[in-house]
Amino acid sequence: MAAEQAAGNGLVVVACCKEKRVTSSPVPALDLYEGWVVPLVRDRVAAGSTERNRVLVLSARYGLVTADTPVSTYEQPMTEERASALSGTAPGVLRRHLARFPSAEALLLMEPRYARVLGPVPVARARLITDPMGRHDDIQAVLDSWSWP
């Protein structure tokens, strides 16, 4: 039963964005980004919460990282070359994360180039939203269905 419950908690993977906090020292990845739909996701997960453990950030600089991985301010667009390089590591990071935090569903909030970096997501149901700025209600509905705060 516990494994079944754990598998029902969902996983969010959100892409990085151009709008970042300017910091002199590293901050948790989810706290760095100020644009796209990162603030919406951040508002739903408190620091140290179980749900925050189920959020990954796909960064053009750092690759696929957990919400609390320390990162610094940077400028790195997701070029085709960078996407190709990250597609060699991101799927393995995703599989290892899912082994630690099993999820039946995943919500991917990213442009198609970022989604290609991840490749097929090994969950029963993956929802890709490539235009999340106009789909806040849809995103909230998914998180509500997972009983996220």
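1. Start with the aromatic cluster: Y33, Y62 and Y74 form one together. Bear in mind throughout that this is a predicted model. The structure holds 3 aromatic pairs. In the Y33–Y74 pair, the ring centres are 6.4 Å apart and the planes meet at 80°, so this pair counts as edge-to-face. It links distant parts of the chain, as Y33 sits in the loop between α2 and α3 while Y74 sits in the loop between β5 (70–71) and α4, 41 residues apart.

2. The Y62–Y74 pair is edge-to-face as well, with 5.5 Å from centre to centre and 85° between the planes. Y62 belongs to the loop between β3 and β4 and Y74 to the loop between β5 and α4, so the pair ties together parts that are 12 residues apart in sequence. Y74 thus takes part in a pair with Y33 and in another with Y62.

3. How buried or exposed are these tyrosines? Y33 is buried, with a relative accessible area of 0%. Y74 is buried too, at 4%. Y62 is partly exposed, at 33%. While you are looking at Y74, find K20 as well: K20 lies over the face of the Y74 ring, at 4.6 Å from the ring centre.

4. Next, the sheet. There is an open sheet of 5 strands in the order β4-β3-β1-β6-β7, and its pairing is mixed. β4 (63–66) and β7 (125–129) stand at the edges with a single partner strand each, so one side of each has no neighbour in the sheet. From one strand to the next, the twist averages 20°. As a reminder, strands of a sheet pair through backbone hydrogen bonds, either parallel or antiparallel.

5. Strand β1 deserves a look of its own. On one side, β1 (residues 11–15) pairs with β6 (residues 105–109) in the parallel sense, over 4 bridges. β1 and β3 also run parallel, and 4 bridges join them.

6. α7 lies across β1, β6 and β7, running at about 155° to β6. Which residues of α5 are buried? A90, P91, G92, L94, H97 and L98 are. The cover over these buried residues includes β1, β3 and β4, along with α4 (80–86) and α6 (112–118).

7. The cysteines are worth a quick check. How many disulfides does a search of the whole structure find? The search finds 0. C16 is in no disulfide, and the nearest cysteine sulfur to its own, that of C17, is 6.8 Å away.

8. Finally, a couple of backbone angles to look at. Most residues other than glycine have a negative phi. W36 has a positive phi, near 60°, and is not a glycine. W36 is placed in the loop between α2 (29–32) and α3 (38–44). S147 has a positive phi as well, of about 65°, although it is not a glycine. S147 is found in the segment after α7 (136–145), and S147 is exposed, with a relative accessible area of 61%.

Technical notes: Residues numbered from 1 in each chain as written. Predicted model: local features only at pLDDT ≥ 70, side-chain atom pairs only at ≥ 80, totals over all residues. Heavy atoms only, no water. Disulfide = S-S within 2.5 Å. Helix = DSSP H or I, 4+ residues; strand = E, 2+ residues; numbered from the N terminus. Buried < 20%, exposed > 50% of the residue type's maximum accessible area, 1.4 Å probe, protein only. Pairing = 2+ DSSP bridges. Axes fitted to C-alpha atoms, helices over the stretch in contact; angles between N-to-C directions. Contact = heavy atoms within 4.5 Å. Phe/Tyr/Trp six-rings, centres within 6.5 Å; stacked < 30°, edge-to-face > 60°. Lys NZ or Arg CZ within 6 Å of the ring centre and 35° of its normal.
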